[in-house]
Amino acid sequence: MKHVYFDNAATTQMRDEVINSITDVMKNNFGNPSSSHSFGRSSKSLIEKSRKTIAGFLNVSASEIIFTSGGTEADNLVLKSAVKDLNVKHIITSKIEHHAVLHTICDLQKDYHISVSYIRVDSNGVIDFSQLESLLKTEEKTLVSLMHINNEIGNILDIERVANVCKTNNALFHTDAVQSIGHYNLDLKEIPVDFLAGAAHKFHGPKGIGFAFIRKNSLLKPIVVGGEQERGLRAGTESVHNIVGLEKAMELAYNNLDKETLYIKDLKAYFIDKIKSNIPNATFNGHSADNVKSTYTLVNVCLPVSSKKAAMLLFQLDLKGVACSKGSACQSGSSQSSHVLSEILNDDELQKPSLRFSFSIYNTKDEIDYVIEVLKEFID
């Protein structure tokens, strides 16, 4: 039995170079970055070097990068402070966002009685831009929160267009870019987003570390309070080794971006061709079969499998050594169907199993061949 990992949208394997850099810091730079002695200064210099490197790839100031425990905390920091401290009274989002955004907005609506507008999406998961422009015609202070790449169906949002519409209408714009950082070049000097979230473990870095991009003079305040770390926006002793791991992972991702993108795009195209030729009644959700309208890293496929077999499909795949997902990994163990697919598929389509297969540089076409053979065993 092979072991095939096609769940890279959930998390990725760390690169050896990242592991080595983390290990080196853990051995040799254990000082508290807030300490004034040489041990502390050594750790602090590593953090600031990492901050500068990350800022450079996004074409922003180092002071605009705030380290967090990951994308979820970065989303929470922006959304909660925007309401509590920036007097945002109206949030515009969609119902296919990550739960880190949706659940936070629900809490804010309950606790602060803000108004929330959900933009319509079509059957492919594309937002209604005309409705967005209409919703922005308001006197209320407004924040728009829309993810760059959807983590389940892979759709790519034109965030430059959204950012410019928001700017024209004096609204703030936050984007969860967890699925795109490390996979796409983002020039935040050219794209006028106000806030952005990223996470290292989506591009072969360590778990438990991410960052928020917070545009200069945004006046956000911390949600984790205590010390004055991270320019007063995120208290707590910094995880120096993970921050350096994030830097190394980002450096390798962007320095090898063109070559690795071509490799993974080829894998995705091969997988789609194999699905079409071997399981002709399968369909692809959202724009996930389109490498222009969706990310090159994932495919979400609806399989022609009976409801009886569908209930055990992921379990049976796991027994065959195949790791994939029916949606966000954050929903693992949940009996609920994907909130994203529930918004874009009809009742008949929802009765069939949909699986997300996501790829990385560590995958091969031989693995795809194996997965196709395994899937064929379950097809009616």
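**Terms and values in a predicted model**

Tutor: Strand 2 (residues 65-68) and strand 8 run antiparallel and are joined by four bridges. The model is predicted, so local features need pLDDT of at least 70 and side-chain atom pairs pLDDT 80 or more, while totals for chains, interfaces and linings use all residues. Residues are numbered from 1 along each chain as its sequence is written, and side-chain values use heavy atoms, with hydrogens and water left out.

Student: What makes two strands a pair?

Tutor: Two strands pair if DSSP finds at least two bridges between them. Strands themselves are DSSP runs of E with at least two residues, and helices are runs of H or I with at least four, both numbered from the N terminus.

Student: How many bridges join strand 7 to strand 8?

Tutor: Five bridges join strand 7 (residues 195-199) to strand 8, and these strands also run antiparallel. F195 has I214 as its bridge partner, and L196 has F213.

Student: Where do these strands stand in their sheet?

Tutor: They belong to an open sheet of seven strands with the order 2-8-7-6-5-3-4 and mixed pairing. Strand 2 and strand 4 (115-119) are its edge strands, each pairing on one side only. From one strand to the next, the twist averages 20°.

Student: Why is strand 8 called largely enclosed?

Tutor: Buried means under 20% relative accessible area, exposed over 50%, and partly exposed in between, with a 1.4 Å probe and protein chains only. Five of the five residues of strand 8 (residues 210-214) are buried, so the strand is largely enclosed by the rest of the structure.

Student: How do you know that both faces of strand 8 are covered?

Tutor: In a regular strand the side chains alternate between the two faces of the sheet. On one side of strand 8 lie G210, A212 and I214, on the other F211 and F213, and all of them are buried.

Student: Why is E230 called buried?

Tutor: Its relative accessibility is 3%, which falls under the limit of 20%, so the word applies. E230 is found in the loop between strand 8 and helix 7. Its phi is positive, about 50°, although it is not a glycine.

Student: How is N87 classed by its accessibility?

Tutor: N87 has a relative accessibility of 45% and therefore counts as partly exposed. K248, which lies in helix 7, is also partly exposed, with a relative accessible area of 27%.

Student: Which residues does K248 contact, leaving aside its neighbours within four places in sequence?

Tutor: K248 is in contact (heavy atoms within 4.5 Å) with E17, V18 and S21. The C-alpha atoms of K248 and G205 are separated by 7.7 Å, and the two residues are 43 apart along the chain.

Student: Why are helix 2 and helix 7 called roughly parallel?

Tutor: Helix 2 (residues 38-58) and helix 7 (residues 240-255) pack at an angle of about 30°, with their axes 9 Å apart. The axes are lines fitted to C-alpha atoms, for helices over the stretch in contact, and angles run from 0 to 180 degrees between N-to-C directions. Angles under 35 degrees count as roughly parallel, over 145 as roughly antiparallel, 65 to 115 as roughly perpendicular and the rest as oblique. Helix 2 and helix 7 are therefore roughly parallel.

Student: What makes a crossing left-handed or right-handed?

Tutor: A crossing is left-handed if the near helix is turned anticlockwise from the far one by less than a right angle, and right-handed if clockwise. The crossing of helix 2 and helix 7 is left-handed, whereas that of helix 8 and helix 13 is right-handed.
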